[in-house]
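Subject: Structure handover

Hello,

Here is the structure I promised to pass on. My notes follow below it, with the cut-offs spelled out as they come up.

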Amino acid sequence: MPPKNTPPAGPPKPFKMRFSIWWMYAIIFAVIFGIVYLDRNEVTKEVSFTEFCSFVERDHGITKIIINTDGKTAQGLLTDSLARKVFKNTNFSEKGSVGNAYVIANISSADDLTRRIDQWRSDGAFTGSVDYEKSSPYGSILINFLPFALLIGFWIWMMRRMSGGAGGPGGGGVFSVGKSKAMLFDKDNADKVTFKDVAGLSEAKTEIEEIVSFLRKPDRYTALGGKIPKGALLVGPPGTGKTLLAKAVAGEADVPFFSMSGSDFVEMFVGVGASRVRDLFRQAKEKAPCIVFIDEIDAVGRARGRNAGMGGNDERENTLNQLLTEMDGFGSNSGVIILAATNRADILDKALMRAGRFDRQIYVDLPDLPDRVEIFKVHLRKVKTAPDLDVELLARQTPGFSGADIANVCNEAALIAARHDKDFVSKEDFSAAVDRIIGGLEKRSKITTDAEKKAIAVHEAGHATVSWHLQYANPLVKVTIVPRGKALGAAWYLPEERQITPSQVLLDEICATLGGRAAEELFLGRISTGAANDLERVTKQAYAMVVYYGMSDRMPNLCYYDSTGQDMGFSKPYSNERAKVIDEEVSRIISEQYERAKDLLRKHAEGHGRLADTLITREVIYTDDVKEIFGPRPWTSRTDELFGKKDGDPASEATATGPTPPPIDVEATEVDEKHDSDSN
């Protein structure tokens, strides 16, 4: 019985032979093979007619004569002995038959040779057979003109390939190099990403959903006199989900969706980028209403005039000029909405950023705590987790992580659990995955002496002791002296997520960071290179307080940070005298916090010693271990207490929602918020 859902077998389809260009190639190859290799055992030599006659009359060495009546030639088949004498340079085998060895001679007429053959027969000099053949002119014509025919055929085949004739438009040929490489997505695509697959980013999704709604129901907006936005630019750090949002638009929209990378416009040929831009918008106009997505638009959208060496012949600038014209030029692109994504919006050309081209700029920021919870839930759908897994705790342990980082954490935790033959992924696996991603792989095989191990324990215990007794320092999570990556020891903290950071918090963070170096000096009587990472961080942070945030008593309310990135760093915006003041203020801040850290360590020297001994014994300690030694921390809510924010206080609310000061190094700041590492 046939299985269910099997379509009924119909009559067999008749076989249809289709012509292929490869048939012609096969025929030509067979002809060449036949001409070259069919008679490969035949050897010939052209001789005079006198020699031909002597071979018959004197040597009796010709066994067969072939007379060509049209070409007036005669061929004689030689015996094996005579063939070895005539063809001295030919490597015939000493034993056995030579094969087909012929001599060819020109004759005056076939009748004269026939009379000679009769005379040779009567004399007994020739007893073989005589054949008469009429040569065909096609063989010589084929031999003479076959190379030219092959060259012409090869040239035609190459031209078809270069022009993309075999693959149609955009087939990848040389003459189709100016065609757009955009991929087209529509509602019939099998693999779709919808807004349900995009966790968090609620504000960005609202903006994107509104753009999709523009295309679905344009009359709803145009009835009131509004215009559909021409473009939206997704801006944000790497890994925050900009491309994923664009994929969700492609899955949700009922209109064609063109996707292309900014680097696809750039080629080595002059004019190719502008040609591809024109072809992209030509296709988009034919499919309107539609959406065009350009990923990493900074590849072609960099501000013009930065490359002085190329001048007006810069191919990238020509491509950008064509893109600007197509987006909002003299022509009309009604029904075509442009989406673009970049993490380097500061280097884009101002003409590209203006309203009318990109009417909206959607900032896709790093996810906060509620967004990280939703992102974890999305990535944990296919992971077999333990029933008691606390997703919110995982989100709290990953501050500053992007969506791509969280996906990496989930995958790494699953690999760690599988490596230990577990049935479920537990909290310990996720904790190990976070440690692996932040600090690197554990290197327990790294050889350290007892003195080095004690120095590392004293250093890390200094961090833990000082941070525990500072009101605005980040809460401690874990301290270890097991080497990871380049670090010989590390301390993990759980920073409080805040929109703005007061000066007291920055000073406490500097003091806690210097706690390791201060502990070495107090309890070991010497300092080491293990605090190199700490010193780098506190120097940057103190410099940012003075130069960027205006938190210096001698230089208040000044900021030398250029958020536009136009100065290119070629000149300092302050004098040499002001630079001296900056250096003095940075040194003062670091020195004051260093002495403050040493005072705290002197006050809690006994607890620090117990903490260092515990680290040497167990190599890893947690918050409960520090709490058992020093007691609970007396501070609970720190930021609200610091600002004194009251419900309904307009001044406090305005301050809390003000712009965030720019950090000195965004990537370094994000890493510093995650962990503290010390390396030799």
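Before the rest, a word on conventions. This is a predicted model, in which local features need pLDDT of at least 70 and side-chain atom pairs count only at pLDDT 80 or more, while totals for chains, interfaces and linings use all residues. Residues are numbered from 1 along each chain as its sequence is written, and side-chain values use heavy atoms, with hydrogens and water left out.

The overall picture

The protein chain has 26 helices and 15 strands; these are DSSP runs numbered from the N terminus, with helices being H or I of at least four residues and strands being E of at least two. Of its 680 residues, 40% count as buried. Here buried means under 20% relative accessible area, exposed means over 50%, and partly exposed is in between, with a 1.4 Å probe and protein chains only. Among contacts in the protein chain with a separation of 6 or more, 75% are between residues 24 or more positions apart, where contact means heavy atoms within 4.5 Å.

The expected span is 1.5 Å times one less than the number of residues.

H9 passes the same kind of check, since its 16 residues should span 22 Å and its end C-alpha atoms are 23 Å apart, which agrees. Its buried residues include Val 272, Gly 273, Arg 276, Asp 279 and Phe 281. The cover over the buried residues of H9 includes strand E8 (257-261), E9, H11 and E10.

Helix pairs

Two packed helices are described by the angle between their axes and the distance between the axes. The axes are lines fitted to C-alpha atoms, for helices over the stretch in contact, and angles run from 0 to 180 degrees between N-to-C directions.

Helix H17 (residues 450-468) packs on helix H19 (residues 515-523) at about 120°, with the axes 7 Å apart. The two are therefore oblique to each other; angles under 35 degrees count as roughly parallel, over 145 as roughly antiparallel, 65 to 115 as roughly perpendicular and the rest as oblique. Their crossing is right-handed, that is, the near helix is turned clockwise from the far one by less than a right angle, anticlockwise being left-handed. On the H17 side the contact involves Val 458, His 459, Gly 462, His 463 and Val 466, and on the H19 side Gly 515, Gly 516, Arg 517, Ala 519, Glu 520 and Phe 523. By class, that contact has 4 nonpolar, 5 polar and 2 charged residues. Ala, Val, Leu, Ile, Met, Phe, Trp, Tyr, Cys and Pro count as nonpolar, Asp, Glu, Lys and Arg as charged, and the others, Gly among them, as polar.

H17 also meets helix H21 (residues 576-603), with axes that come within 10 Å and cross at roughly 95°. That makes H17 roughly perpendicular to H21. Gly 462, Thr 465 and Val 466 of H17 touch Ala 597, Leu 600 and Leu 601 of H21, a contact with 4 nonpolar, 2 polar and no charged residues.

Helices H22 (residues 605-618) and H23 (residues 623-630) pack at about 145°, with axes 10 Å apart, and their crossing is right-handed.

Some loop residues

Two residues other than glycine have a positive phi: Asp 421, at about 60°, and Glu 619, near 70°. Asp 421 sits in the loop between helix H15 (403-419) and helix H16 (427-439) and is exposed, with a relative accessible area of 70%. Glu 619 lies in the loop between H22 and strand E14 (620-622) and is partly exposed at 23%.

Finally, Thr 385 is in the loop between helix H13 (369-379) and helix H14 (391-396) and is partly exposed, at 25% relative accessible area. Leaving aside neighbours within four places in sequence, Thr 385 is in contact with Leu 380, Phe 424, Val 425 and Phe 430.

Best wishes
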